[in-house]
Amino acid sequence: MTIPTPNVPESPRTVLVTGGGRGIGRVIADRFEALGDKVAVLDLEPPEPHGHMLSVGADVSDPDSVNAAFDQVEAVLGPVEVLIANAGIIRDGLMIRMSDKDFGAVMRVNLGGAFYCARRAARGMLKLKRGRIVFTGSVVGLYGGNGQVNYSSSKAGLVGLARSITRELGSRHITANVVAPGFSQTKMPETLKPETQAQYLEALPAHYFGTVEDVAAAVEFLASPGAAYI
Ligand code: NAD
């Protein structure tokens, strides 16, 4: 039996981070740039130029816009080898009052957008015979969230999306994974009542809130040669 050997990337890789204009996406993009990769950041408005990054404007919920943005990035930096599908929105509200519009918008951006980006990225990855896809999910996708049926469903959907991608593309050395940050990555802990904060901290195995850098470190690992079998 022949055991397939991982197709080792030649550095620098082309990395595309969606929702890379600010927040978690921005920190992830900075991290890949610090590693020496060729980084493109995609956001609704082209993000302010930063380091050597390529900045593109696109709406991930629109497949034509996604395809055009990938064309633009790949014309300059070559095929996207690492996709970080991170763009996401929240439109919270209790289910009984949630509008079709708010449910649909969150599904279109968070799940639809991830699918459109992964589908387009797979073209180049298949030619390269290697690739890494990391979706930014959420703990809310795993545990549910009060007032978040749309957000939770969209993030849970990413797990199915990633697992199915691995079934289809795993044999081509393309991996797909989901990171699931908690609310800890925002300023939210500071806005919680002290007693609620204490309850959350008690429930966290580490008993402290994680940081955006913790998320970026996990993403970096999932895109590294050491994570070829994950
Ligand atoms: P953020 O709002 O600070 O940044 C999200 C970025 O995505 C923004 O720059 C926004 O313009 C962009 N974006 C939104 N819709 C888009 C679209 N249609 N097309 C292209 N870009 C679009 O959010 P964040 O806190 O950095 O979160 C990033 C990701 O992490 C999201 O998917 C979010 O659901 C997830 N997440 C965040 C937290 C947290 O604590 N911040 C926790 C769990 C999961």
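Is R31 buried, exposed or partly exposed? In this predicted model, R31 has a relative accessible area of 29% and therefore counts as partly exposed, since that class lies between the limit of under 20% for buried residues and the limit of over 50% for exposed ones. The side chain of R31 meets that of E220 in a salt bridge, with a distance of 2.6 Å from N to O. This pair links distant parts of the chain, for R31 belongs to helix α1 whereas E220 belongs to helix α8 (residues 212-222), and the two residues are 189 residues apart. E220 is likewise assigned to the partly exposed class, because its relative accessibility is 22%.

Side chains of opposite charge can pair when their charged atoms come close. The structure holds five salt bridges. One of the pairs is formed by R13 and D37, whose closest N and O atoms are 2.8 Å apart. Because R13 lies in the segment before β1 (14-18) and D37 in the loop between α1 (23-35) and β2 (38-43), this pair ties together parts that are 24 residues apart in sequence. Both R13 and D37 are buried.

A further salt bridge joins R130 to E81, and here the closest N and O atoms are 2.9 Å apart. R130 is placed in the loop between α3 (100-128) and β5 (131-136), while E81 is placed in the loop between α2 (63-77) and β4 (82-85), so that the pair ties together parts that are 49 residues apart in sequence. R130 and E81 are both buried.

Two packed helices are described by the angle between their axes and the distance between the axes. For α2 and α3, the axes come within 9 Å and cross at roughly 35 degrees, and the crossing in which α2 passes α3 is right-handed. On the side of α2, the contact is made by P63, V66, N67, F70, D71 and E74, and on the side of α3 by Y116, C117, R119, R120, A121 and R123.

L16 lies in strand β1 and is classed as buried because its relative accessible area is 0%. When its neighbours within four places in sequence are left aside, L16 is in contact with A40, L42, F70, V73, V80, V82, L83 and I84. By C-alpha positions, L16 and Q197 are 35 Å apart in space, and they are 181 residues apart in sequence.

L126, in turn, lies in helix α3 and counts as partly exposed because its relative accessible area is 30%. Apart from its neighbours within four places in sequence, L126 is in contact with L169, R172 and I174. L126 and I174 are 48 residues apart in sequence, and their C-alpha atoms are 8.0 Å apart in space.

V149 is found in helix α5 (residues 149-169), and at 31% relative accessibility V149 counts as partly exposed.

As for the backbone, K129 has a positive phi of about 60 degrees although K129 is not a glycine. K129 is situated in the loop between α3 and β5, and because its relative accessible area is 51%, K129 is classed as exposed. A positive phi is also found in H207, a residue other than glycine, where the value is near 60 degrees. H207 lies in the loop between α7 (194-203) and α8, and with a relative accessibility of 45%, H207 counts as partly exposed.

Definitions and conventions:
Residues are numbered from 1 along each chain as its sequence is written. This is a predicted model: local features need pLDDT of at least 70, side-chain atom pairs count only at pLDDT 80 or more; totals for chains, interfaces and linings use all residues. Side-chain values use heavy atoms; hydrogens and water are left out. Helices (H or I, at least four residues) and strands (E, at least two) are DSSP runs, numbered from the N terminus. Buried means under 20% relative accessible area, exposed over 50%, partly exposed in between (1.4 Å probe, protein chains only). A salt bridge is a side-chain nitrogen of Lys or Arg within 4 Å of a carboxyl oxygen of Asp or Glu. Axes are lines fitted to C-alpha atoms, for helices over the stretch in contact, and angles run from 0 to 180 degrees between N-to-C directions. A crossing is left-handed if the near helix is turned anticlockwise from the far one by less than a right angle, and right-handed if clockwise. Contact means heavy atoms within 4.5 Å.
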